[in-house]
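Notebook, one sitting with a single model.

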Amino acid sequence: PRPILIDTDPGLDDAIALLLTFASPELDLRGILTVAGNVPVNLTTRNALQICELAGKTEIPVYAGCPRPLLRHLETAESVHGDNGLADVPLPAPTIQAQKQHAVDFLIDTVMATPGITLCLLGPMTNLAVALIKEPRIAANIGSVVAMAGSFFAGGNSAPALEFNMQVDPHAAHVVMTAGLDVTLAPLDLTHSVLTTDEQLARVAKLPGRIGKAATAWLSFYGAHDRKKYGTPGGPLHDPCVIAYVLWPELFTGKRVAVDIDLKSDLVPGMTVMDWWGTTGKAPNALVLHQADVRGFYDRLFERIGALAAA
Ligand code: BDR
Ligand code: CA
(Lines give C-alpha, C1' and ligand atoms only; values in the text may rest on other atoms or scores of the structure.)
(Ligands and ions follow the chains in the order given, each with its own letter.)
Protein backbone atom coordinates (compact mmCIF):
# COMPACT_ATOMS: atom_id res chain seq x y z
CA PRO A 1 0.00 0.00 0.00
CA ARG A 2 0.99 3.59 -0.66
CA PRO A 3 2.15 5.41 2.49
CA ILE A 4 0.27 8.66 3.12
CA LEU A 5 -0.25 11.30 5.76
CA ILE A 6 -3.46 13.30 5.95
CA ASP A 7 -3.37 16.87 7.24
CA THR A 8 -6.93 18.00 7.93
CA ASP A 9 -9.39 20.35 9.67
CA PRO A 10 -12.55 18.22 10.05
CA GLY A 11 -14.91 19.57 8.82
CA LEU A 12 -17.67 17.72 7.02
CA ASP A 13 -16.04 17.04 3.66
CA ASP A 14 -12.80 16.24 5.55
CA ALA A 15 -14.79 13.62 7.49
CA ILE A 16 -15.95 11.96 4.26
CA ALA A 17 -12.36 12.04 2.96
CA LEU A 18 -11.19 10.24 6.12
CA LEU A 19 -13.88 7.57 5.74
CA LEU A 20 -12.84 7.02 2.11
CA THR A 21 -9.24 6.60 3.23
CA PHE A 22 -10.15 4.14 5.99
CA ALA A 23 -12.09 2.13 3.41
CA SER A 24 -9.19 1.92 0.93
CA PRO A 25 -6.66 -0.90 1.36
CA GLU A 26 -4.40 0.66 -1.30
CA LEU A 27 -3.52 3.39 1.21
CA ASP A 28 -1.27 3.00 4.24
CA LEU A 29 -2.38 5.89 6.44
CA ARG A 30 0.53 6.56 8.79
CA GLY A 31 -1.21 9.26 10.80
CA ILE A 32 -3.69 12.11 10.84
CA LEU A 33 -2.40 15.65 11.45
CA THR A 34 -4.87 18.30 12.49
CA VAL A 35 -4.79 22.03 11.88
CA ALA A 36 -6.89 25.08 12.67
CA GLY A 37 -9.29 25.86 9.83
CA ASN A 38 -12.97 25.08 9.67
CA VAL A 39 -12.99 25.22 13.47
CA PRO A 40 -10.18 25.77 16.02
CA VAL A 41 -7.56 23.04 16.34
CA ASN A 42 -8.87 21.64 19.64
CA LEU A 43 -12.11 20.83 17.81
CA THR A 44 -10.53 19.57 14.58
CA THR A 45 -8.41 17.24 16.72
CA ARG A 46 -11.38 16.03 18.73
CA ASN A 47 -13.34 15.51 15.50
CA ALA A 48 -10.51 13.49 13.94
CA LEU A 49 -10.45 11.25 17.03
CA GLN A 50 -14.23 10.83 16.95
CA ILE A 51 -14.23 9.97 13.24
CA CYS A 52 -11.51 7.34 13.83
CA GLU A 53 -13.55 5.91 16.64
CA LEU A 54 -16.79 5.95 14.65
CA ALA A 55 -15.08 3.86 11.97
CA GLY A 56 -13.37 1.53 14.46
CA LYS A 57 -9.94 2.82 13.37
CA THR A 58 -8.63 3.58 16.85
CA GLU A 59 -5.13 2.41 15.91
CA ILE A 60 -4.53 5.37 13.61
CA PRO A 61 -2.49 8.00 15.49
CA VAL A 62 -3.81 11.56 15.53
CA TYR A 63 -1.41 14.49 16.05
CA ALA A 64 -2.57 17.99 16.91
CA GLY A 65 -0.96 20.67 14.78
CA CYS A 66 -0.78 24.44 14.49
CA PRO A 67 -3.45 26.47 16.27
CA ARG A 68 -3.25 29.48 13.93
CA PRO A 69 -2.05 30.54 10.49
CA LEU A 70 1.48 31.90 10.01
CA LEU A 71 0.56 35.58 9.86
CA ARG A 72 -3.19 36.02 9.64
CA HIS A 73 -5.79 35.77 12.37
CA LEU A 74 -7.64 32.49 12.23
CA GLU A 75 -10.89 32.60 10.27
CA THR A 76 -13.22 29.67 10.80
CA ALA A 77 -16.28 28.33 8.95
CA GLU A 78 -18.89 27.28 11.50
CA SER A 79 -21.72 28.39 9.23
CA VAL A 80 -20.69 25.68 6.74
CA HIS A 81 -19.62 22.90 9.12
CA GLY A 82 -21.55 23.58 12.36
CA ASP A 83 -20.30 24.99 15.65
CA ASN A 84 -18.47 21.76 16.48
CA GLY A 85 -17.24 21.31 12.88
CA LEU A 86 -19.32 18.16 12.41
CA ALA A 87 -22.84 19.50 11.77
CA ASP A 88 -23.47 19.67 15.52
CA VAL A 89 -24.20 15.95 15.42
CA PRO A 90 -23.42 14.56 18.86
CA LEU A 91 -20.87 11.75 18.65
CA PRO A 92 -19.67 9.84 21.73
CA ALA A 93 -16.72 11.49 23.49
CA PRO A 94 -13.53 9.96 22.12
CA THR A 95 -11.93 7.25 24.24
CA ILE A 96 -8.66 7.60 22.33
CA GLN A 97 -6.37 10.59 22.71
CA ALA A 98 -4.17 12.61 20.45
CA GLN A 99 -0.48 11.72 20.52
CA LYS A 100 1.84 13.83 22.64
CA GLN A 101 4.13 14.73 19.73
CA HIS A 102 3.30 17.86 17.75
CA ALA A 103 1.97 17.25 14.22
CA VAL A 104 4.84 19.24 12.68
CA ASP A 105 7.48 17.06 14.36
CA PHE A 106 5.63 13.87 13.47
CA LEU A 107 5.44 15.06 9.87
CA ILE A 108 9.18 15.72 9.78
CA ASP A 109 10.07 12.37 11.38
CA THR A 110 7.72 10.43 9.13
CA VAL A 111 8.87 12.08 5.92
CA MET A 112 12.55 11.59 6.82
CA ALA A 113 11.89 7.90 7.49
CA THR A 114 9.61 7.35 4.48
CA PRO A 115 11.10 8.68 1.25
CA GLY A 116 8.46 9.06 -1.45
CA ILE A 117 5.53 9.45 0.96
CA THR A 118 2.36 11.22 -0.26
CA LEU A 119 0.99 14.13 1.76
CA CYS A 120 -2.75 14.78 1.45
CA LEU A 121 -3.64 18.31 2.56
CA LEU A 122 -7.32 18.91 3.28
CA GLY A 123 -7.06 22.19 5.17
CA PRO A 124 -4.85 25.29 5.45
CA MET A 125 -1.22 24.39 4.68
CA THR A 126 0.20 25.68 7.99
CA ASN A 127 1.70 22.42 9.31
CA LEU A 128 3.61 21.58 6.14
CA ALA A 129 4.90 25.15 5.84
CA VAL A 130 6.20 25.11 9.41
CA ALA A 131 7.75 21.68 8.82
CA LEU A 132 9.53 22.93 5.67
CA ILE A 133 10.87 25.90 7.62
CA LYS A 134 11.98 23.78 10.57
CA GLU A 135 13.54 20.98 8.52
CA PRO A 136 14.07 21.92 4.85
CA ARG A 137 15.56 18.47 4.10
CA ILE A 138 12.04 17.00 4.07
CA ALA A 139 11.46 18.58 0.64
CA ALA A 140 13.73 16.02 -1.04
CA ASN A 141 11.90 13.13 0.64
CA ILE A 142 8.31 14.13 -0.08
CA GLY A 143 7.04 12.06 -2.99
CA SER A 144 4.01 14.18 -3.72
CA VAL A 145 1.62 16.66 -2.19
CA VAL A 146 -2.05 16.54 -3.16
CA ALA A 147 -3.99 19.49 -1.76
CA MET A 148 -7.51 20.85 -1.81
CA ALA A 149 -6.70 24.47 -2.44
CA GLY A 150 -7.35 27.47 -4.59
CA SER A 151 -9.58 28.60 -7.38
CA PHE A 152 -8.97 29.82 -10.87
CA PHE A 153 -12.05 30.34 -13.05
CA ALA A 154 -14.47 29.38 -10.28
CA GLY A 155 -14.37 32.51 -8.12
CA GLY A 156 -14.29 32.16 -4.36
CA ASN A 157 -16.30 30.37 -1.72
CA SER A 158 -15.29 32.29 1.40
CA ALA A 159 -14.55 35.68 -0.21
CA PRO A 160 -14.51 36.97 -3.78
CA ALA A 161 -11.84 34.97 -5.68
CA LEU A 162 -10.71 33.22 -2.47
CA GLU A 163 -10.98 29.56 -1.69
CA PHE A 164 -11.24 28.98 2.09
CA ASN A 165 -8.01 27.03 2.70
CA MET A 166 -6.06 29.68 0.80
CA GLN A 167 -7.82 32.51 2.56
CA VAL A 168 -7.00 31.10 5.99
CA ASP A 169 -3.25 30.72 5.44
CA PRO A 170 -1.97 32.17 2.16
CA HIS A 171 1.54 32.57 3.54
CA ALA A 172 1.80 28.89 4.36
CA ALA A 173 0.60 28.09 0.85
CA HIS A 174 3.33 30.34 -0.53
CA VAL A 175 5.98 28.43 1.44
CA VAL A 176 4.64 25.11 0.14
CA MET A 177 4.23 26.23 -3.48
CA THR A 178 7.78 27.60 -3.67
CA ALA A 179 9.50 24.57 -2.11
CA GLY A 180 10.05 22.70 -5.39
CA LEU A 181 7.64 19.89 -4.43
CA ASP A 182 5.57 17.69 -6.73
CA VAL A 183 2.20 19.35 -6.07
CA THR A 184 -1.28 18.52 -7.36
CA LEU A 185 -4.10 20.94 -6.56
CA ALA A 186 -7.81 20.22 -6.39
CA PRO A 187 -9.27 23.75 -6.65
CA LEU A 188 -12.89 24.89 -6.61
CA ASP A 189 -12.91 24.64 -10.41
CA LEU A 190 -12.84 20.89 -9.91
CA THR A 191 -14.68 20.43 -6.63
CA HIS A 192 -17.69 22.57 -7.52
CA SER A 193 -18.62 19.95 -10.08
CA VAL A 194 -18.64 17.19 -7.44
CA LEU A 195 -21.96 18.03 -5.79
CA THR A 196 -23.94 15.91 -3.38
CA THR A 197 -27.25 16.39 -5.17
CA ASP A 198 -30.56 14.91 -3.96
CA GLU A 199 -29.79 11.82 -6.01
CA GLN A 200 -26.45 11.33 -4.23
CA LEU A 201 -27.94 12.22 -0.85
CA ALA A 202 -30.50 9.46 -1.31
CA ARG A 203 -27.61 7.02 -1.80
CA VAL A 204 -25.92 8.28 1.38
CA ALA A 205 -29.15 7.77 3.30
CA LYS A 206 -29.08 4.08 2.32
CA LEU A 207 -25.63 3.50 3.87
CA PRO A 208 -25.97 1.22 6.89
CA GLY A 209 -25.10 1.54 10.56
CA ARG A 210 -23.57 4.34 12.60
CA ILE A 211 -21.37 5.47 9.74
CA GLY A 212 -24.37 5.72 7.41
CA LYS A 213 -26.30 7.72 9.98
CA ALA A 214 -23.43 10.13 10.63
CA ALA A 215 -22.62 10.60 6.93
CA THR A 216 -26.28 11.32 6.18
CA ALA A 217 -26.47 13.94 8.94
CA TRP A 218 -23.17 15.52 7.87
CA LEU A 219 -23.99 15.76 4.19
CA SER A 220 -27.56 16.95 4.73
CA PHE A 221 -26.31 19.81 6.90
CA TYR A 222 -23.50 20.60 4.47
CA GLY A 223 -25.78 20.60 1.42
CA ALA A 224 -28.42 22.74 3.14
CA HIS A 225 -25.86 25.52 3.62
CA ASP A 226 -24.85 25.63 -0.03
CA ARG A 227 -28.38 25.28 -1.37
CA LYS A 228 -29.46 28.25 0.73
CA LYS A 229 -26.40 30.44 0.32
CA TYR A 230 -25.32 29.72 -3.25
CA GLY A 231 -28.46 28.22 -4.79
CA THR A 232 -26.52 25.16 -5.94
CA PRO A 233 -28.15 21.70 -6.02
CA GLY A 234 -25.92 20.31 -3.25
CA GLY A 235 -22.69 20.68 -1.26
CA PRO A 236 -19.34 20.10 -3.02
CA LEU A 237 -17.21 17.19 -1.79
CA HIS A 238 -13.97 19.17 -1.95
CA ASP A 239 -11.62 17.15 0.26
CA PRO A 240 -12.66 13.64 -0.86
CA CYS A 241 -11.41 14.66 -4.34
CA VAL A 242 -7.86 14.64 -2.93
CA ILE A 243 -8.13 11.06 -1.71
CA ALA A 244 -10.03 9.98 -4.84
CA TYR A 245 -7.26 11.43 -7.01
CA VAL A 246 -4.60 9.49 -5.09
CA LEU A 247 -6.65 6.31 -5.51
CA TRP A 248 -8.03 6.81 -9.02
CA PRO A 249 -6.16 9.46 -11.01
CA GLU A 250 -7.89 8.21 -14.16
CA LEU A 251 -11.10 9.87 -12.95
CA PHE A 252 -9.52 13.33 -13.18
CA THR A 253 -8.21 15.69 -15.84
CA GLY A 254 -5.61 18.34 -15.09
CA LYS A 255 -3.02 20.64 -16.54
CA ARG A 256 0.47 21.52 -15.32
CA VAL A 257 0.67 25.26 -14.75
CA ALA A 258 2.60 27.89 -12.81
CA VAL A 259 0.71 28.85 -9.65
CA ASP A 260 1.51 31.89 -7.52
CA ILE A 261 -0.21 33.08 -4.37
CA ASP A 262 -1.04 36.77 -4.21
CA LEU A 263 0.14 37.93 -0.79
CA LYS A 264 0.12 41.66 -1.42
CA SER A 265 -3.38 42.52 -2.57
CA ASP A 266 -5.71 44.24 -0.11
CA LEU A 267 -8.68 42.83 -1.98
CA VAL A 268 -7.75 39.16 -2.32
CA PRO A 269 -4.75 38.14 -0.19
CA GLY A 270 -4.44 34.44 -0.87
CA MET A 271 -5.76 34.39 -4.41
CA THR A 272 -4.23 31.61 -6.46
CA VAL A 273 -2.96 33.09 -9.67
CA MET A 274 -2.80 30.22 -12.13
CA ASP A 275 -1.05 30.85 -15.44
CA TRP A 276 -3.45 28.65 -17.36
CA TRP A 277 -2.34 29.80 -20.79
CA GLY A 278 1.37 30.00 -20.02
CA THR A 279 1.53 33.75 -20.47
CA THR A 280 4.50 34.23 -18.13
CA GLY A 281 6.73 31.48 -19.47
CA LYS A 282 7.29 30.41 -15.84
CA ALA A 283 7.92 26.72 -15.27
CA PRO A 284 4.81 24.89 -13.97
CA ASN A 285 4.91 24.13 -10.23
CA ALA A 286 1.62 22.23 -9.94
CA LEU A 287 -0.75 19.90 -11.69
CA VAL A 288 -4.12 21.66 -11.41
CA LEU A 289 -7.10 19.32 -11.63
CA HIS A 290 -10.13 20.82 -13.32
CA GLN A 291 -12.48 18.02 -14.37
CA ALA A 292 -13.75 14.82 -12.82
CA ASP A 293 -15.82 11.86 -13.87
CA VAL A 294 -18.44 12.77 -11.27
CA ARG A 295 -20.55 9.65 -11.66
CA GLY A 296 -17.48 7.43 -11.40
CA PHE A 297 -16.37 9.37 -8.32
CA TYR A 298 -19.67 8.89 -6.49
CA ASP A 299 -20.03 5.25 -7.52
CA ARG A 300 -16.61 4.39 -6.14
CA LEU A 301 -17.00 6.57 -3.05
CA PHE A 302 -20.27 4.91 -2.02
CA GLU A 303 -18.98 1.45 -2.82
CA ARG A 304 -16.03 2.02 -0.47
CA ILE A 305 -17.86 3.81 2.35
CA GLY A 306 -20.76 1.36 2.05
CA ALA A 307 -18.37 -1.54 2.67
CA LEU A 308 -16.82 0.26 5.64
CA ALA A 309 -20.27 1.06 7.06
CA ALA A 310 -21.41 -2.54 6.71
CA ALA A 311 -18.28 -4.03 8.30
C1 BDR B 1 -12.22 23.81 1.76
O2 BDR B 1 -12.57 24.62 2.86
C3 BDR B 1 -13.12 23.85 3.88
O4 BDR B 1 -14.26 24.45 4.41
C5 BDR B 1 -13.39 22.49 3.31
O6 BDR B 1 -13.22 21.49 4.29
C7 BDR B 1 -12.39 22.37 2.19
O8 BDR B 1 -11.16 21.86 2.65
C9 BDR B 1 -13.05 24.21 0.57
O10 BDR B 1 -12.81 25.53 0.21
CA1 CA C 1 -10.97 20.82 4.86
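I began with Gly-11 and placed it in the loop between strand S1 (2-8) and H1. Helices here are DSSP runs of H or I with at least four residues, strands are runs of E with at least two, and both are numbered from the N terminus. The model is predicted, so I noted the limits: local features need pLDDT of at least 70, side-chain atom pairs count only at pLDDT 80 or more, and totals for chains, interfaces and linings use all residues. Residues are numbered from 1 along each chain as its sequence is written, while chains are lettered from A and ligands numbered from 1 in the order in which they are written.

**Backbone.** I looked up the peptide bond from Pro-10 to Gly-11 and found it cis, with omega near -15 degrees. Most peptide bonds are trans, and most residues other than glycine have a negative phi. Ala-87 has a positive phi of about 60 degrees and is not a glycine. Asp-88 also has a positive phi, near 55 degrees. I located Ala-87 in the loop between helix H3 (78-81) and helix H4 (103-113), and Asp-88 is in the loop between H3 and H4 as well.

Are these residues buried or exposed? I used C-beta atoms placed from the backbone: 20 or more others within 10 Å is buried, 12 or fewer is exposed, and in between is partly exposed. Ala-87 is buried because 20 other C-beta atoms lie within 10 Å. Asp-88 counts as exposed because it has 12 C-beta neighbours inside 10 Å.

**Ligand 1.** I counted 15 residues around ligand 1, the closest being Gly-11, Met-148, Glu-163, Phe-164 and His-238. The criterion is a C-beta atom, placed from the backbone, within 6 Å of the molecule. Helices H1 (12-22), H7 (164-168) and H12 (238-247) each give at least two residues to this shell. I sorted the shell into 5 nonpolar, 6 polar and 4 charged residues. Nonpolar means Ala, Val, Leu, Ile, Met, Phe, Trp, Tyr, Cys and Pro; charged means Asp, Glu, Lys and Arg; the others, Gly among them, are polar.

**H1 against H11.** H1 packs on helix H11 (residues 209-230) at about 150 degrees, the axes 9 Å apart. The axes are lines fitted to C-alpha atoms over the stretch in contact, and angles run from 0 to 180 degrees between N-to-C directions. I listed the contact as Leu-12, Asp-13, Ala-15, Ile-16 and Leu-19 of H1 with Ile-211, Ala-215, Trp-218, Phe-221 and Tyr-222 of H11. Contact means C-beta atoms, placed from the backbone, within 7 Å. These residues divide into 9 nonpolar, no polar and 1 charged.

**H13.** Helix H13 (residues 294-310) has 17 residues.

**Two single residues.** Lys-213 is in helix H11. Lys-213 counts as partly exposed because it has 15 C-beta neighbours inside 10 Å. I then turned to Ile-261, in strand S10 (residues 259-262). Ile-261 counts as buried, with 24 C-beta neighbours inside 10 Å. Ile-261 and Met-271 are 10 residues apart in sequence and 5.7 Å apart in space, C-alpha to C-alpha.

Conventions
Contact = placed C-beta atoms within 7 Å. Expected span 1.5 Å × (residues − 1).
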